[in-house]
Amino acid sequence: MPYILIYYDVVEPLIKTDNPALPEPDDEAKKRSRLLLQSIKKECDRAGGRIRFSEFMNIALYQPGLGYYSGGLQKFGEHGDFITAPEVSPLFGQCLAGQVAEVFQNIREVSGEKLFVIEFGAGSGVLAVDVLLQLEQLDALPEKYLILELSAELQNRQQETIKHKAPHLYERVQWLQQLPDDVSNAVVIANEVLVAMPVECFRINGEANEALMVSLVDDKPVSAYVPDSKLDDRIKSIQQRSEIELADGYRSEINPAIAGWLAALEDKIKRAVILLIDYGYNEKEYYHSDRSEGTLMCYYRHKAHGDYFWWPGLQDITAFVNFTDVAYSAVDAGLDMAGYTTQAAFLLANGISDLHASQVTDEVQQQIKLSQQIKTLTLPSEMGDRFKVMALTKNYDEPLKGFSMLDLSNRL
Ligand SMILES: C[S@@+](CC[C@H](N)C(=O)[O-])C[C@H]1O[C@@H](n2cnc3c(N)ncnc32)[C@H](O)[C@@H]1O
């Protein structure tokens, strides 16, 4: 686990220019962060003084033009703040395409209707390129590849990536602001999207659960836990269904948006296979007594830390996924749980070894690069175990090959 700072009731104020662990942002970036702080202040004033942590996180990540994902910062890759699986290797998207092609083939056998891919939060656009190029190879291109992206800046970047790397498929890609009403059959892909959803932070305190609230003191953000009953039912049902006893003082997170997000997917698509790939745990592991300070993490220039007030808008803020909660919310929404496995098992079952073998050339540098990519994607010490893949389905009962090697559904 990366390093997490201890949370205090009142967290140290912003503008820690002397933080030695993190590189110093430039003046332009700091100016933008101060502007974002004004938006946070406005929201606090509007709310009578303080906002929930999830509201702060939403502004810090998604405020148009200024939030981390909505501004123009370099986020992905070596020169950004973190690396996601599609940025590691095209093999990741090629394996996903294999799973999509299998679903498309099965649906084609029972329906002549059009087939779509819907990708949420497409990042730099590189996953869309890899999936589309591989689907083309497999003669399984979708009618349209639809991208739902909250950030206008990322949308522009995705358009540039696809124009540059797969220009002949550009017309097949369409960007949407919300789920379409007219999609009957779709495979939905969301890689590292749930971890980017704003969370509520709570603390157990005897009779009254507490929620983390954010306010501004002398124009600097501070946070404090206050008694709050809004999460009582969620916390109670987590403890009951997973037989967990959360001790006094225990701190963690809950994703308040997941149920609504899944219900919207269930509502809009007639037949769907939804593939969620993210770092996370089942509920018992998520709320393990040893993880008593939660899973919230911030990333800046490949350094992980826990200071969520460090230059808002310039760093990523993220929390691990509670996959048990995702499964319960999905079933409540009317979806079926079709599989849960590690990223390594999913990629191996979708033929990453064969894909690798087919791409190896005599060039030593290329061989080293490819085997390094496979290691990063599949080794337990890298992304292989920490990242999980969950499949949710609607009106689709065929087995999914990605879960044929290892299905951990019974551990949820
Ligand atoms: C960590 S990045 C992952 C990007 C990309 N999928 C990848 O793997 O490189 C998180 C992405 O999720 C997007 N996102 C978060 N919540 C979303 C939502 N509710 N709908 C659509 N996109 C969302 C963000 O805008 C961002 O593009």
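**Note on cavities, pockets and helix packing**

1. The lining of the largest cavity has 11 nonpolar, 2 polar and 3 charged residues by class. Here Ala, Val, Leu, Ile, Met, Phe, Trp, Tyr, Cys and Pro count as nonpolar, Asp, Glu, Lys and Arg as charged, and the others, Gly among them, as polar. This is a predicted model, in which local features need pLDDT of at least 70 and side-chain atom pairs pLDDT 80 or more, while totals for chains, interfaces and linings use all residues. Residues are numbered from 1 along each chain as its sequence is written, and side-chain values use heavy atoms, with hydrogens and water left out.

2. How many cavities of 30 Å³ or more are found in the whole structure? The search finds 1. On a 1 Å grid over the protein atoms alone, a cavity is a set of points where a 1.4 Å probe fits but cannot get out; a pocket is an open set with protein on both sides within 12 Å along at least five of seven lines, and lining residues have an atom within 4 Å of a point.

3. The volume of the largest cavity is about 140 Å³, counted as the space filled by probe spheres set on the points, which are joined across faces, edges and corners. Its lining comprises 16 residues, and Ile254, Asn255, Phe320, Val321 and Asn322 lie nearest the centre. At least two lining residues come from each of β9 (251–254), β14 (321–322) and α10 (323–333). Helices (H or I, at least four residues) and strands (E, at least two) are DSSP runs numbered from the N terminus.

4. The second largest pocket has a volume of about 210 Å³. Among its lining residues are Gln74, Phe76, His79, Ile83, Ser124, Val126 and Arg157. By class, this lining has 4 nonpolar, 4 polar and 3 charged residues.

5. Helices α1 (residues 27–46) and α2 (residues 53–62) pack at an angle of about 150°, their axes 10 Å apart. The two are therefore roughly antiparallel (over 145 degrees; under 35 is roughly parallel, 65 to 115 roughly perpendicular, the rest oblique). Leu36, Ser39, Ile40 and Glu43 of α1 make the contact with Phe56, Ile59 and Ala60 of α2, contact meaning heavy atoms within 4.5 Å. By class, this contact has 5 nonpolar, 1 polar and 1 charged residues.

6. For α4 (residues 90–110) and α5 (residues 126–137), the axes come within 8 Å and cross at roughly 50°. That angle makes α4 oblique to α5. On the α4 side, the residues that meet α5 include Phe92, Leu96 and Val100; the α5 side includes Leu127, Val131 and Leu135. The contact has 9 nonpolar, 3 polar and 1 charged residues by class.

Key: Axes are lines fitted to C-alpha atoms, for helices over the stretch in contact, and angles run from 0 to 180 degrees between N-to-C directions.
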